[in-house]
Amino acid sequence: MYIATWNGVIVAMDSVLPIPSGTLKNGYREHRLVVLPDYQGLGIGTRLSNALGDYYISNGNKYFCRSTHVKLAKSRLLPNSPWIETSSSRKLRKNVNDGIHNHGFTFARGSGIRKETGRGGCSFR
């Protein structure tokens, strides 16, 4: 678990889990990103999540996230975002949700993956 503090007060936390897979090596996924209500909308969660993405990628890992949080997903779709939408993003997942608010991303900054502006990317790196 990772935390973010503001003037010595814990205001956010993020947890990361390994992805057990026979085909994907060194894969990790963001599991839970939480920012206290009084500190939401300030970019703390985005900065914490991006810092963890930088950390895992710089250590030779792959880093993924799946989110149904509308604002977080929209921020990751911006052209200057280090995140790339995965091939499973926005697709209906049986017994999970409607598919519209289901976004999958992989962290790309520093990974050698080039982000194409204006379209989602597919990455299995």
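**Exercise 1. Work out the surroundings of Glu-30 in this predicted model: which residues is Glu-30 in contact with, leaving aside its neighbours within four places in sequence?**

Step 1. Start with the contact list. Skipping the neighbours within four places in sequence, Glu-30 is in contact with Asp-14, Ser-15, Ser-49, Tyr-63, Phe-64, Cys-65 and Arg-76.

Step 2. Glu-30 sits in strand S3, which covers residues 27-35.

Step 3. The relative accessible area of Glu-30 is 6%; the cut-off for buried is under 20%, so Glu-30 counts as buried.

Step 4. Look for polar partners. The side chain of Glu-30 makes a polar contact of 2.7 Å with the side chain of Ser-49. Another polar contact, at 3.4 Å, links the side chains of Glu-30 and Arg-76.

**Exercise 2. Take Phe-107 next: is it buried or exposed, and which residue 31 places away in sequence is 9.6 Å from it, C-alpha to C-alpha?**

Step 1. Find the element. Phe-107 belongs to strand S6, residues 103-107.

Step 2. Apply the cut-off. Phe-107 has 1% relative accessibility, so it goes down as buried.

Step 3. Go through the partners. Setting aside neighbours within four places in sequence, Phe-107 is in contact with Asn-50, Gly-53, Asp-54, Ile-57, Tyr-63, Pro-82 and Trp-83.

Step 4. Compare sequence and space. The residue we want is Arg-76: it is 31 residues from Phe-107 in sequence, and the C-alpha atoms are 9.6 Å apart. Arg-76 already turned up in Exercise 1, in a polar contact with Glu-30.

**Exercise 3. Now the largest nonpolar core: how many residues does it have, and which element gives the most to it?**

Step 1. The largest nonpolar core has 16 residues. Those with the most contacts inside it are Ala-4, Ala-12, Leu-52, Tyr-63 and Trp-83.

Step 2. Two or more residues of this core come from each of strand S2 (9-18), H1, strand S4 (62-67) and S6.

Step 3. The top contributor is H1, with five residues.

Step 4. Tie this back to the earlier exercises. Ala-4 and Ala-12 are among the residues touched by Ile-44, while Tyr-63 and Trp-83 are among the contacts of Phe-107.

**Exercise 4. Finish with the whole chain and its surface: what pattern does the chain follow along the sequence, and which residues form a nonpolar patch on the surface?**

Step 1. Count the elements: there are two helices and six strands. Along the sequence they give the pattern β-β-β-α-β-α-β-β.

Step 2. Get the overall burial. The chain has 125 residues, and 37% of them count as buried.

Step 3. Check the contact range. Taking contacts between residues at least 6 apart in sequence, 56% join residues at least 24 apart.

Step 4. Turn to the surface. The chain's accessible surface is about 7,900 Å², with 54% of that belonging to carbon and sulfur atoms.

Step 5. Pick out the patch. Met-1, Ile-3 and Ile-10 form it, and together they have about 350 Å² of accessible area. Met-1 comes in the segment before strand S1 (2-6), and its 72% relative accessibility is why it counts as exposed.

Terms used:
Residues numbered from 1 in each chain as written. Predicted model: local features only at pLDDT ≥ 70, side-chain atom pairs only at ≥ 80, totals over all residues. Heavy atoms only, no water. Contact = heavy atoms within 4.5 Å. Helix = DSSP H or I, 4+ residues; strand = E, 2+ residues; numbered from the N terminus. Buried < 20%, exposed > 50% of the residue type's maximum accessible area, 1.4 Å probe, protein only. Core = buried A, V, L, I, M, F, W, Y, C linked by side-chain atoms within 4.5 Å. Polar contact = N/O pair within 3.5 Å; in protein donor to acceptor, adjacent residues only side chain to side chain. Areas by Shrake-Rupley, 256 points an atom, 1.4 Å probe, with all protein chains shown as cover. Patch = residues over 30% accessible without salt bridge, like charges linked within 9 Å, V, L, I, M, F, W, Y side chains within 5 Å. Salt bridge = Lys/Arg side-chain N within 4 Å of Asp/Glu carboxyl O.
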